[in-house]
Amino acid sequence: MATIAPPPGTADIFAEEARRWRNLENTAAAVFSRYGYGELRTPIFEYTEVFQKGLGNETEVVQKEMYTFEDRGGRSLTLRPEGTAGVMRALSCTDVMNGVEQRVYYYGPMFRGERPAAGRRRQFHQVGVENVGRVAPLIDAECIAMLMDYLQSIGISDAKLVINTRGVNEDRGPAGKLLADYFGRHIGGMCDDCKNRLERNVWRILDCKQEACRKVVAEAPDYVASFTDASRAYFDEVKAALTALGVPFTVDPLLVRGLDYYEHTVFEVTHDGLGAQTAIAGGGRYELFQPGQKKPVPGVGFAAGMERLLMVQDALGASACAAPVLPVYLVGLGSEARIANLKLAGILRRAGVPVELELEERSFKAQLRNVNKSGALLAVIRGESELEKGVAAVKTMATGDQIEMQEAELADYLIGFARGL
Ligand code: HAM
């Protein structure tokens, strides 16, 4: 029979794996809320200009990767390629506009029309945070420390943190000119994309992956030295705070990040267990414009790719989520026993006890096979004669021991057993 696979770059996530996703989400909620962050759920699609204006028209994501379509009124909409712009759109009607701090976290699907590969999907998922409204080096450092705290909480303690500074707007003119002069002298030996970048956005040359370009980039002048004293002092404070917090990092002047909204601190976290797609998380400080606003709003945040976090957990052999234990399986012979079991299952489930049971006419042997397959610790067995006597057999699967129990005591006994696990 022909089956339809999900579109390239997307995936179905079945229960066993979904449990691990839920663990990443729940741990994110627990860790981030300790730092004063609250959840924000924004729409999966936004007006296209939210991303054009927010991420910058020149970025690769906006130029090449957005899923854009028209609504019935002819208005352009886009599936969110990342979380920051939508969060800022949502917060722009709050007091962040007056410099009041807002701390939010989010998780969910994002969409980019990239070439699918291991760890690179068209529908992927991020957990992320944004700390919006205020500017201070310690806010950046706390945000980075929180990311490392989160990674540790999901069993990833050997990730590498790389940081850099993008300076502010007034730094980028002189620094950009320094780089443009240098690359202008070497552009002959560089790739066509870099030739283009030299005209449009010289910073993008710094993260070109072509061998020939990387050699030229390695010798590029120290542009951070040309930043203002204030910008360099800001970065020094971030580094000093990370050191004081015991968060190891390296500084990489080639880290510029792919989105245009960044300024001051940028950072990325990588892991060796990932192969080609080494970035498990990235973020930084930014100033973001929203359509119709005269003033940009500052923030700092990060997003981690959930698919990649799971890949790292796999590489570390850290399957964070064992399958839950099933305490009870109810075996019933005859329709009355099945009804009695269904009633009992309802009582147990409402008391918080996971239960499986047989709902169809099946032989005793077939039902016991299912009990074994389910891994249940106890089997409760009853047929017509047990019902008549008002009893049930309770079998401990590990030992095969079996006791007879009065129907009236059954629910309390099973609830007590499950709670004692
Ligand atoms: P980003 O670096 O574009 O930043 O994405 C963050 C993370 O999402 C990446 O490090 C990676 O783990 C994951 N990711 C990105 N694209 C894909 C893909 N196609 N497939 C699988 N995983 C992917 C942002 O999105 C910014 N909004 C982060 C941020 C928040 N900056 C400030 N606040």
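Strands β15 (residues 391–396) and β16 (residues 402–406) run antiparallel and are joined by 5 bridges. Helices (H or I, at least four residues) and strands (E, at least two) are DSSP runs numbered from the N terminus, and two strands pair if DSSP finds at least two bridges between them. The structure is a predicted model, in which local features need pLDDT of at least 70 and side-chain atom pairs count only at pLDDT 80 or more, while totals for chains, interfaces and linings use all residues. Residues are numbered from 1 along each chain as its sequence is written, and side-chain values use heavy atoms, with hydrogens and water left out.

A393 in β15 is the residue opposite I381. On β14 (residues 378–382), pairing with strand β12 (residues 328–332) is parallel and extends over 5 bridges. There R382 of β14 is the bridge partner of G332. Because 5 of the 5 residues of β14 are buried, the strand is largely enclosed by the rest of the structure. Buried means under 20% relative accessible area, exposed over 50%, and partly exposed in between, with a 1.4 Å probe and protein chains only. L378, V380 and R382 point one way from β14, A379 and I381 point the other way, and all are buried. In a regular strand the side chains alternate between the two faces of the sheet.

An open sheet of 8 strands has the order β1-β5-β6-β11-β10-β9-β7-β8, with mixed pairing. β1 (38–39) and β8 (250–251) stand at the edges with a single partner strand each, so one side of each has no neighbour in the sheet. Strand β5 (residues 102–111) is joined to β6 by 10 bridges, and the two run antiparallel. R103 is opposite N131 in this pair.

N131, found in strand β6, counts as buried because its relative accessibility is 0%. Its side chain makes a polar contact of 3.4 Å with the side chain of Y37.

The ligand is surrounded by 27 residues, the closest being E82, E114, R121, E130 and Y262; a residue is near a molecule or strand if one of its heavy atoms lies within 4 Å of it. This shell divides into 11 nonpolar, 8 polar and 8 charged residues. Ala, Val, Leu, Ile, Met, Phe, Trp, Tyr, Cys and Pro count as nonpolar, Asp, Glu, Lys and Arg as charged, and the others, Gly among them, as polar. An N or O atom in the side chain of R112 is 2.9 Å from an oxygen atom of the ligand. A nitrogen atom of the ligand lies 2.8 Å from a polar side-chain atom of E130. A backbone N or O atom of F302 is 3.4 Å from a nitrogen atom of the ligand. Of the 660 Å² of accessible area that the ligand has on its own, the protein covers 95%; accessible areas come from the Shrake-Rupley method with a 1.4 Å probe, and for residues only the protein chains shown count as cover. The elements giving two or more residues to the shell are β6 (123–132), β10 (279–288) and β11 (297–305). β10 provides the largest share, 7 residues.

H264 lies in strand β9 (residues 262–270). Although H264 is not a glycine, it has a positive phi of about 55 degrees. Its relative accessible area is 8%, so H264 is buried.

F51, in helix α2 (residues 48–55), is buried with a relative accessible area of 0%. The C-alpha atoms of F51 and Q290 are separated by 8.8 Å, although the two residues are 239 residues apart along the chain.

A search of the whole structure for disulfides, defined as pairs of cysteine sulfur atoms within 2.5 Å, finds 0. C93 counts as exposed at 67% relative accessibility, whereas C143 is buried at 0% relative accessible area.

Definitions and conventions: Polar contact = N/O pair within 3.5 Å; in protein donor to acceptor, adjacent residues only side chain to side chain.
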